[in-house]
Amino acid sequence: MTELLEATGIMLPAREDMAPGAVLLRGRALVLEADILSALASVTAAAPFRHMTTPGGYVMSAAMTNCGAAGWVTDRTGYRYAAVDPETGQPWPAMPESFRRLANEAAADAGYAGFMPDSCLINRYLPGARLSLHQDKDERDFTQPIVSVSLGLPATFQFGGRRRADPVARYPLRHGDIAVWGGPSRLFHHGVLAIKEGGHARLGRQRINLTFRAAL
Ligand code: SIN
Ligand code: FE2
């Protein structure tokens with residue numbers, strides 16, 4: 001049934017509030033789809049996806065890379081932002097103009113004018129991959145929001161509260177949807193349930209997420 005509704009493109013509200021300061025903008029990335037997908041291919045050619053290890057020694061099921069002045073990395077020594085890709089020894093690829101523009105405009109739509117991201121974490125989920133509930137808290141300035149762009153296979157996004165034990169709501173995320181959270185919900189927990197098997201017309205058997213942050 002869910003697949004049928006997805007296949008027929010069930011209508012979701014264009015804008016949905018998840019919490020104070022947190023909003024879902026349905027299909028918001030589609031205006032820049034072609035530019036975003038070609039820029040994504042260039043970035044991932046220069047800085048290939050890799051599976052990083054958490055400080056606890058767990059290999060993450062989502063593969064990651066970055067673009068922008070700083071990239072989020074994790075290894076046995078901890079989580080941090082790094083100017084250089086530890087795999088290539090080179091600076092991360094520059095943030096494409098289409099990425100910067102999409103993040104800035106979506107943030108403004110959500111009520112956060114003037115967002116200037118310096119970091120974009122790119123997650124790749126193959127079917128079965130997931131991201132457990134966490135907070136984005138390695139950034140220096142929590143007055144800036146998080147802008148999160150979904151591409152490819154659909155996902156179920158979990159959005160909770162400030163404490164890990166707070167109730168968690170679930171939202172379907174589809175190709176082109178953008179979630180923005182900041183202000184009172186900037187440090188709210190969030191995660192992604194295991195991606196279901198499938199194929200996407202433009203991206204194939206994967207989900208890609210772009211997370212924009214003002215990290216430095
Ligand atoms: C993240 O929290 O880093 C990614 C969230 C997502 O993939 O939607
Ligand atoms: Fe996150």
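**Note on the open sheet and the iron site**

1. In this predicted model, Glu16 has Leu24 of strand E2 as its bridge partner. Strand E2 covers residues 22–25 and is joined to E1 by four bridges, the two strands running antiparallel.

2. The E1–E2 pair belongs to an open sheet of seven strands. Their order across the sheet is E1-E2-E11-E8-E13-E6-E3, and the pairing is antiparallel. At the edges lie strand E1 (15–19) and strand E3 (63–68), each of which pairs on one side only. On average, and with direction ignored, neighbouring strands of this sheet are turned by 20 degrees against each other.

3. The iron ion (ligand 2) has three residues as its protein donors: His134 through NE2, Asp136 through OD and His190 through NE2. These donors lie 2.1 to 2.2 Å from the ion. In sequence, the donor residues follow the spacing H-x1-D-x53-H.

4. Two of these residues, Asp136 and His190, link distant parts of the chain, being 54 residues apart. Asp136 is in the loop between strand E7 (131–134) and strand E8 (146–152), whereas His190 is in strand E12 (residues 190–192). Both Asp136 and His190 are buried.

5. Why is the arrangement around the iron ion (ligand 2) irregular? The four donor atoms subtend angles of 89 to 173 degrees, and this range makes the arrangement irregular.

Terms used: Residues are numbered from 1 along each chain as its sequence is written. Chains are lettered from A and ligands numbered from 1 in the order in which they are written. This is a predicted model: local features need pLDDT of at least 70, side-chain atom pairs count only at pLDDT 80 or more; totals for chains, interfaces and linings use all residues. Side-chain values use heavy atoms; hydrogens and water are left out. Two strands pair if DSSP finds at least two bridges between them. Axes are lines fitted to C-alpha atoms, for helices over the stretch in contact, and angles run from 0 to 180 degrees between N-to-C directions. Donors are N, O and S atoms within 2.8 Å of the metal (3.2 Å for Na, K and Ca); water is not among the atoms, so sites may look incomplete. Four donors count as tetrahedral if all angles lie between 85 and 135 degrees; four count as square planar and six as octahedral if opposite donors are over 155 degrees apart and all others between 65 and 115; anything else is irregular. Buried means under 20% relative accessible area, exposed over 50%, partly exposed in between (1.4 Å probe, protein chains only).
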